[in-house]
Amino acid sequence: MDSQGDPTLSMMSKMKAQCLSDEEVESCGELMATSFLNMAICHHILKNYERAVQNCERSLSLKKSIKAYYRLGQGLKQLKNYEGSIKAFKQAILMDTSDPNDIQTELQVVERLEKA
């Protein structure tokens, strides 16, 4: 997606144009990605799963992370988008195949739900 279509990426382009160093822009991007993840968990707790998913996607547009894919999978599971949830969980596992957070178990639950 280009910076014209995504307001987050557009903001990043504007920061670059304002003579911020690449390091400063990257730092801002990481902070924004973390902020979107924090908003995602808040929306998830409030059972506002659509907004949780949107915030995970915005976070992922800035920085790929296991946590963002995991939370995306959780939100999509609640929306009964099992195919999307499975894809998100698999992406999280691919980022760290040792799977220290046991996302594999969550993936198996969703795969059973999809077959039901």
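Visitor: Which residues line the largest cavity?

Guide: Ala40, Ile41, His44, Ala52, Cys56, Arg71, Gln74 and Gly75 line the largest cavity. To count as lining, a residue needs an atom within 4 Å of a cavity point. Before we go on: this is a predicted model, where local features need pLDDT of at least 70, side-chain atom pairs count only at pLDDT 80 or more, and totals for chains, interfaces and linings use all residues. Residues are numbered from 1 along each chain as its sequence is written, and side-chain values use heavy atoms, with hydrogens and water left out.

Visitor: What makes a space a cavity?

Guide: On a 1 Å grid over the protein atoms alone, a cavity is a set of points where a 1.4 Å probe fits but cannot get out. A search of the whole structure turns up one cavity of 30 Å³ or more. The largest cavity holds about 40 Å³, where volume is the space filled by probe spheres set on the points, and points are joined across faces, edges and corners.

Visitor: Which helices supply at least two residues each to that lining?

Guide: That would be α2 (22–45), α3 and α4 (66–78). Helices here are DSSP runs of H or I with at least four residues, strands are runs of E with at least two, and both are numbered from the N terminus. The chain has six helices and zero strands.

Visitor: How does the lining divide into nonpolar, polar and charged?

Guide: Four nonpolar, three polar and one charged. In this scheme Ala, Val, Leu, Ile, Met, Phe, Trp, Tyr, Cys and Pro are nonpolar, Asp, Glu, Lys and Arg are charged, and the others, Gly among them, are polar.

Visitor: Let's take a lining residue. Why is histidine 44 called buried?

Guide: Buried means under 20% relative accessible area, exposed means over 50%, and partly exposed is in between, with a 1.4 Å probe and protein chains only. Histidine 44 has a relative accessible area of 18%, so it is buried. This residue lies in helix α2. Leaving aside neighbours within four places in sequence, histidine 44 is in contact (heavy atoms within 4.5 Å) with Tyr49, Ala52, Gln74, Gly75 and Gln78.

Visitor: How do you know that the length of α3 agrees with what a helix should span?

Guide: The expected span is 1.5 Å times one less than the number of residues. For the 14 residues of α3 (residues 49–62) that gives 20 Å, and the end C-alpha atoms are 20 Å apart, so the two agree.

Visitor: Which residues of α3 are buried, and what makes them line one face?

Guide: Tyr49, Ala52, Val53, Asn55, Cys56, Ser59 and Leu60 are buried. Seen down the axis of α3, they fall within an arc of 165°, so they line one face of the helix. That arc is taken from the directions from the helix axis to the C-beta atoms. An α-helix has 3.6 residues a turn, so residues three or four places apart point the same way.

Visitor: Tyrosine 69 next: buried or exposed?

Guide: Tyrosine 69 has a relative accessible area of 12%, so it is buried. Tyrosine 69 sits in helix α4. Its contacts beyond four places in sequence include Leu60, Lys64, Phe89 and Met95.

Visitor: And why is lysine 87 called exposed?

Guide: Its relative accessible area is 60%, so lysine 87 counts as exposed. Lysine 87 is found in helix α5. Buried residues in α5 include Tyr82, Ile86, Phe89 and Ile93, and the buried residues of α5 pack against α4 and α6.

Visitor: What about glutamate 106, buried or exposed?

Guide: At 19% relative accessible area, glutamate 106 is buried. Glutamate 106 lies in helix α6 and touches Tyr70, Lys77 and Phe89, not counting residues up to four places away.

Visitor: Where does aspartate 99 lie, and is it buried or exposed?

Guide: Aspartate 99 lies in the loop between α5 and α6 (103–115). With a relative accessible area of 14%, aspartate 99 is buried. Its phi is also positive, near 50°.

Methods
On a 1 Å grid over the protein atoms alone, a cavity is a set of points where a 1.4 Å probe fits but cannot get out, and a pocket is an open set with protein on both sides within 12 Å along at least five of seven lines; lining residues have an atom within 4 Å of a point.
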